[in-house]
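Visitor: I would like to go through this structure with you, piece by piece. Could you take my questions as they come?

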Amino acid sequence: MSVMDKIILANRRLGFTGLSMRDGDIASSNPRSALICQENSCLWPKSVDGFVYVPYIISPFYDDMDRITIETGMLDILSQTCIKFVPRTHEANFLNIQPKRGCWSFLGMTGGSQTLSLQTPACMWSGVASHELMHALSFVHEHSRSDRDTYVTILWDNIMRGQTHNFQKHKTYINTAYDYNSVMHYGRYAFSQDGEPTIIPKLDPNIPIGQRDGPSTSDIHKINVLYDCGG
């Protein structure tokens, strides 16, 4: 089961008040708003020392194992990029990681206390944590890239009624290779209504898509490109 399969399962019966979900797990405070993060408009700022500090707090309602899982998801990103997740002290903008219903995040830095939900135990996988953290860093799903039709076929007839909006394409701003192994890629059966695939790779229909382990080499490269980490 891919990271996205776990997220979809955890989010299936969500009933949010004042929030709508885009692409399955990206939160929006305006149900009519499009999923927009224009170029650098929602990136976390880079410090003069070259690092991008993302302050966070983790709810005290998590137990020690949950905290380890979440922090492992952070470590998988910060150990290979210029992104540094740091416990919040006084910063105005920060991630507020809470065990709310489902696994979801806002897209990019929205300002102030920014909720990122990792329900326990449903979302307690380090790969799920990394996935939601990458949304908070401004990344949409891999299969939502504007060039995705070159690489995958979306089988619209197999998608659950009312869920086709989760397969919309979005303009992307970094030129990197398409990654079937991305932690941000839907699994083959995401939102399937009949157990049949909803996404098929074009180059080789048998290529595995999506995984649950954490950011791929390409995911790390994309973060370094978007945030101009250098090296």
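**A conversation about the model**

Guide: We may begin with S182, which is buried, with a relative accessible area of 0%. Please keep in mind that this is a predicted model.

Visitor: Where is S182 found?

Guide: S182 lies in the loop between strand 8 (152-154) and strand 9 (199-201).

Visitor: And which residues is S182 in contact with, leaving aside its neighbours within four places in sequence?

Guide: S182 is in contact with E142, G210, Q211, S216, D219 and K222. With D219 there is also a polar contact, side chain to side chain, of 2.6 Å.

Visitor: What about A190, where is its place?

Guide: A190 belongs to the loop between strand 8 and strand 9. Its relative accessible area is 1%, so A190 is buried. The C-alpha atoms of A190 and I159 are separated by 7.9 Å, although these residues are 31 apart along the chain.

Visitor: Changing topic: which residues does UniProt list for "binding site"?

Guide: The UniProt record, an unreviewed entry, lists H131, H135 and H141 under "binding site".

Visitor: Where are H131 and H135 placed?

Guide: H131 is in helix 3, which covers residues 126-136, and H135 is found in helix 3 as well.

Visitor: Why might one expect residues three or four places apart to point the same way in an α-helix?

Guide: An α-helix has 3.6 residues a turn, so residues at that spacing point the same way.

Visitor: Is H135 buried or exposed?

Guide: H135 is buried, at 0% relative accessibility. H131 is likewise buried, with a relative accessible area of 0%.

Visitor: What does H135 touch, beyond residues up to four places away in sequence?

Guide: H135 touches D25, I26, S105, F106, L107, G108, V140, H141 and M184. One of these, H141, is also among the residues that UniProt lists for "binding site". The side chains of H135 and D25 are joined by a polar contact of 3.2 Å.

Visitor: How many residues of helix 3 are buried?

Guide: The count is 11 of the 11 residues, so helix 3 is largely enclosed by the rest of the structure. Among the buried residues are S126, G127, E132 and A136.

Visitor: What happens just after helix 3?

Guide: S138 takes a positive phi there, of about 105 degrees.

Visitor: How does strand 1 run relative to strand 2?

Guide: Strand 1 and strand 2 (residues 26-28) run antiparallel and are joined by three bridges. S20 has S28 in strand 2 as its bridge partner.

Visitor: What joins strand 5 to strand 3 and to strand 7?

Guide: Strand 3 and strand 5 pair in the parallel sense over three bridges, and I57 has N96 in strand 5 as its bridge partner. Strand 5 and strand 7 also run parallel, joined by five bridges; here I97 stands opposite L116 in strand 7.

Visitor: Finally, how many helices and strands are in the protein chain?

Guide: There are four helices and nine strands. From the N terminus, the elements run α-β-β-β-α-β-β-β-β-α-β-β-α.

Visitor: And what share of the residues is buried?

Guide: Of the 231 residues in the protein chain, 52% are buried. The chain exposes about 11,000 Å², of which carbon and sulfur atoms supply 51%. Of the contacts between residues at least 6 apart in sequence, 70% join residues at least 24 apart.

Note on methods
Residues numbered from 1 in each chain as written. Predicted model: local features only at pLDDT ≥ 70, side-chain atom pairs only at ≥ 80, totals over all residues. Heavy atoms only, no water. UniProt positions renumbered as here; feature names shortened; annotations may be inferred. Helix = DSSP H or I, 4+ residues; strand = E, 2+ residues; numbered from the N terminus. Buried < 20%, exposed > 50% of the residue type's maximum accessible area, 1.4 Å probe, protein only. Contact = heavy atoms within 4.5 Å. Polar contact = N/O pair within 3.5 Å; in protein donor to acceptor, adjacent residues only side chain to side chain. Pairing = 2+ DSSP bridges. Areas by Shrake-Rupley, 256 points an atom, 1.4 Å probe, with all protein chains shown as cover.
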